[in-house]
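Thanks, everyone. Please have the viewer open.

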Amino acid sequence: MGRQIGGPEIERLIALLARLPGLGPRSARKAALHLVKRREELMQPLARALAEVAERILVCSVCHNIDTTDPCSICADPKRDRSLLIVVEDVGDLWALERAGVARAHYHVLGGHISPLDGVGPEDLAIASLLGRVKGGEVGEVLLALNATVEGQATVHYLLEQLAGSGVKVSRLAHGVPVGGELDYLDEGTLGAAIRTRQTLEAPSTAPAKAHDSNDGGPDDDDKENG
Ligand SMILES: [Zn+2]
């Protein structure tokens with residue numbers, strides 16, 4: 001324990017802030033000082049927001065997302081595609097996919113991954129409720145958007161077995177080269193996955209043939225026209 005820098009209330013605030021992810025004692029002191037200096041425009045609204053959310057927070061009984069309503073606003077959204085169900089490990093993953101804004105789908109939050117070493121088995125995750133939703137009949141495709149870790153992929157295999165025979169299409173996220181990524185900087189695992197999950201390229205639809213009068217040669221003729 002370092003030397004105290006304020007009264008017990010301020011020390012308590014710093015100690016609590018230091019328990020937030022990404023904040024150590026040093027940044028917690030910085031944040032506390034920032035809050036104390038901006039009491040009216042930041043600290044009090046933040047305290048009210050924290051109290052309000054703490055009071056109203058609910059776990060969605062359908063998808064296990066966290067929201068202030070149950071069913072959550074995603075489950076209650078009539079504009080979403082009910083036939084696509086995206087399975088994620090954690091609420092943070094759901095938020096990340098929603099931020100990307102690529103799929104107006106429904107979700108199912110497992111609450112983690114299977115990890116025998118940590119004593120986490122299938123029965124500790126929201127798998128029974130997932131299978132129940134799939135049996136409901138509205139789902140046409142289950143996208144297993146789990147982490148590309150050993151545990152995440154072991155969970156993918158387990159879910160694949162459980163979903164076999166359910167009649168729904170099961171897919172998973174592609175593994176491979178990140179957007180903007182240079183091959184030279186990728187680890188072997190990522191490169192290997194990128195090669196194993198390679199995609200066939202479709203040739204772009206051919207442009208209308210040019211009006212050549214006497215073109216019986218190959219494509220080489222065109223290439224050499226200006227040379
Ligand atoms: Zn929900």
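Start at valine 87. Beyond its neighbours within four places in sequence, valine 87 is in contact with His108, Leu110, Leu130, Val142, Leu143, Leu144, Ala145, Leu146 and Leu159. Keep in mind that this is a predicted model.

Now the core. The largest nonpolar core has 23 residues, and Val87, Val88 and Leu144 touch the most other members. Which elements give two or more residues to this core? They are strand E3 (81-88), strand E4 (105-109), helix H5 (127-135), strand E5 (141-144) and helix H6 (150-163). E3 contributes the most, with four residues. As a general point, nonpolar side chains in soluble globular proteins tend to be buried together.

Next, the sheet. Four strands form an open sheet in the order E4-E3-E5-E6, with parallel pairing. E4 and strand E6 (169-172) are at the edges with a single partner strand each, so one side of each has no neighbour in the sheet. On average, neighbouring strands are turned by 25° against each other, direction ignored. E3 and E4 pair in the parallel sense over five bridges. Take isoleucine 86: its bridge partner in E4 is tyrosine 107. Helix H4 (residues 91-100) packs on the sheet and touches E3 and E4. The direction of H4 makes about 130° with that of E3.

Two backbone points to finish. Most residues other than glycine have a negative phi, and most peptide bonds are trans. Histidine 64, in the loop between strand E1 (58-59) and E2, has a positive phi of about 70°. Is histidine 64 buried or exposed? It counts as buried, because it has 21 C-beta neighbours inside 10 Å. Then aspartate 70 and proline 71: a cis peptide bond joins them, with omega about 0°. Proline 71 is in the loop between strand E2 (66-67) and E3.

How values were computed
Residues numbered from 1 in each chain as written. Predicted model: local features only at pLDDT ≥ 70, side-chain atom pairs only at ≥ 80, totals over all residues. Core = buried A, V, L, I, M, F, W, Y, C linked by C-beta atoms within 7 Å. Buried ≥ 20, exposed ≤ 12 C-beta atoms within 10 Å, placed from the backbone. Contact = placed C-beta atoms within 7 Å. Pairing = 2+ DSSP bridges. Axes fitted to C-alpha atoms, helices over the stretch in contact; angles between N-to-C directions.
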